[in-house]
Amino acid sequence: MRYIDLRSDTVTRPTEAMRQSMLHAEVGDDVYGEDPTINALERRGAELLGKEAALFVPSGTMSNLLAMMSHCQRGEGAILGSASHIYRYEAQGSAVLGSVALQSVPMQADGTLALEDVRAAIAPDDAHFVQTRLVCLENTHNGKVLPLSYLREMRALVDEHGLRLHLDGARLFNAVVASGEPVAAIAAPFDSVSVCLSKGLGAPVGSLLVGSSPFIARARRLRKMLGGGMRQAGILAQAGLFALDQHVARLADDHRRARRLAEGLAALPGIVLNLGEVQTNMVFLRLAKGESAELLAFMKERGILFSGYGELRLVTHLQITDDDIDEVIDAFTEFLND
Ligand SMILES: Cc1ncc(COP(=O)(O)O)c(CN[C@H](C(=O)O)[C@H](C)O)c1O
């Protein structure tokens with residue numbers, strides 16, 4: 001059965017054209033630095049984001065973990081949002097494996113961290129406290145784009161305190177396409193950026209961690225320590241190169257479909273949805289009454305998948321078509337009329 005799978009943009013599958021491109025990728029042993037396709041992808045990532053170097057990593061979770069462990073020594077602290085992926089959905093790996101103290105602050109509705117909350121969370125230089133070293137942001141966060149002006153304000157704050165700034169840019173290119181800002185401009189305020197190739201960009205595997213040469217050299221050693229050293233992974237890196245060439249501009253299609261889905265659902269009685277929050281490929285909604293579990297079961301029977309507990313999340317991506325959007329709106333209409 002073909003599902004209309006709106007659970008996440010992590011479910012994207014390589015297109016036939018991407019597979020063909022992967023088939024002929026040149027490969028080598030990446031632990032020796034000899035995989036020409038991985039080397040090309042890392043160069044491309046560094047150039048695109050305006051940084052010195054980049055590292056191809058098997059997942060966004062590992063990419064963020066390497067960033068945290070490369071910026072922070074054992075016992076140092078990182079300030080991040082209480083609803084951020086690093087804090088909530090990466091098994092607190094940077095605390096468990098990197099001994100990084102996670103200093104969470106509330107996230108604003110728009111995905112930002114209030115500057116005053118971050119300032120207040122910076123530990124005093126006193127042996128009773130951790131030494132705060134890093135601040136982490138996420139862009140997009142739950143599909144929302146952080147304003148460039150805000151990123152620059154946060155840069156000024158971290159500079160004021162001699163801290164570093166990391167971006168979990170799992171969906172950075174969604175932010176680029178939605179904002180019209182060049183990717184290098186969004187990356188500029190950050191010391192390091194993690195970018196997922198395996199979400200909306202449609203590669204089967206992988207992320208790029210981008211930063212200074214010394215930072216990436218340390219991250220590369222830590223990746224090996226964590227067992228992330230790869231061999232002939234140029235086959236996967238080629239998918240990343242293909243995605244950067246062919247799948248960035250088309251993210252606008254995902255955003256358009258998410259908007260159309262949100263407008264269709266918002267018009268239905270019994271759906272609680274904030275259209276203003278639909279800025280890229282994610283639609284969040286609640287039922288005015290009734291159980292989400294019942295809705296999810298009803299939809300699954302009709303070959304429609306999405307996720308969430310309480311607040312439901314529907315994510316458009318490469319494999320979601322205009323007809324799929326119509327079908328989902330019709331299924332919601334049927335559910336609500338029952
Ligand atoms: C902002 C952000 N940063 C990092 C990651 C981790 O990427 P992977 O480790 O899955 O490659 C994700 C994955 N997010 C996944 C999803 O959205 O379905 C799940 C929740 O892990 C993410 O959303």
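Lys199 is buried, since its relative accessible area is 14%, where buried means under 20% relative accessible area, exposed over 50% and partly exposed in between (1.4 Å probe, protein chains only). The model is predicted, so that local features need pLDDT of at least 70 and side-chain atom pairs count only at pLDDT 80 or more, whereas totals for chains, interfaces and linings use all residues. Residues are numbered from 1 along each chain as its sequence is written, and side-chain values use heavy atoms, with hydrogens and water left out.

Lys199 is found in the loop between strand 7 (192-196) and strand 8 (207-211); helices (H or I, at least four residues) and strands (E, at least two) are DSSP runs, numbered from the N terminus. When neighbours within four places in sequence are left aside, Lys199 is in contact with Asp9, Thr10, Thr12, Ala170 and Arg171, contact meaning heavy atoms within 4.5 Å.

Arg223 counts as buried because its relative accessibility is 2%, and, residues up to four places away in sequence not being counted, Arg223 touches Asp30, Leu55, Phe56, Met62, Leu66, Gly228, Gly229 and Met230. Arg220, by contrast, counts as partly exposed because its relative accessibility is 29%. With the residues up to four places away in sequence again not counted, Arg220 touches Glu42, Ala54 and Leu55, and the C-alpha atoms of Arg220 and Val57 are separated by 9.2 Å although these residues are 163 residues apart along the chain.

The protein as a whole has 14 helices and 13 strands, and its C-alpha atoms fill a box of roughly 60 × 50 × 35 Å, taken along the principal axes. The radius of gyration is 20 Å, which agrees with the value near 20 Å for a compact globule with 338 residues; the radius is taken over C-alpha atoms, and the globule rule is 2.2 Å times the number of residues to the power 0.38. Buried residues make up 55% of the 338 residues, and, among contacts between residues at least 6 apart in sequence, 74% join residues at least 24 apart.
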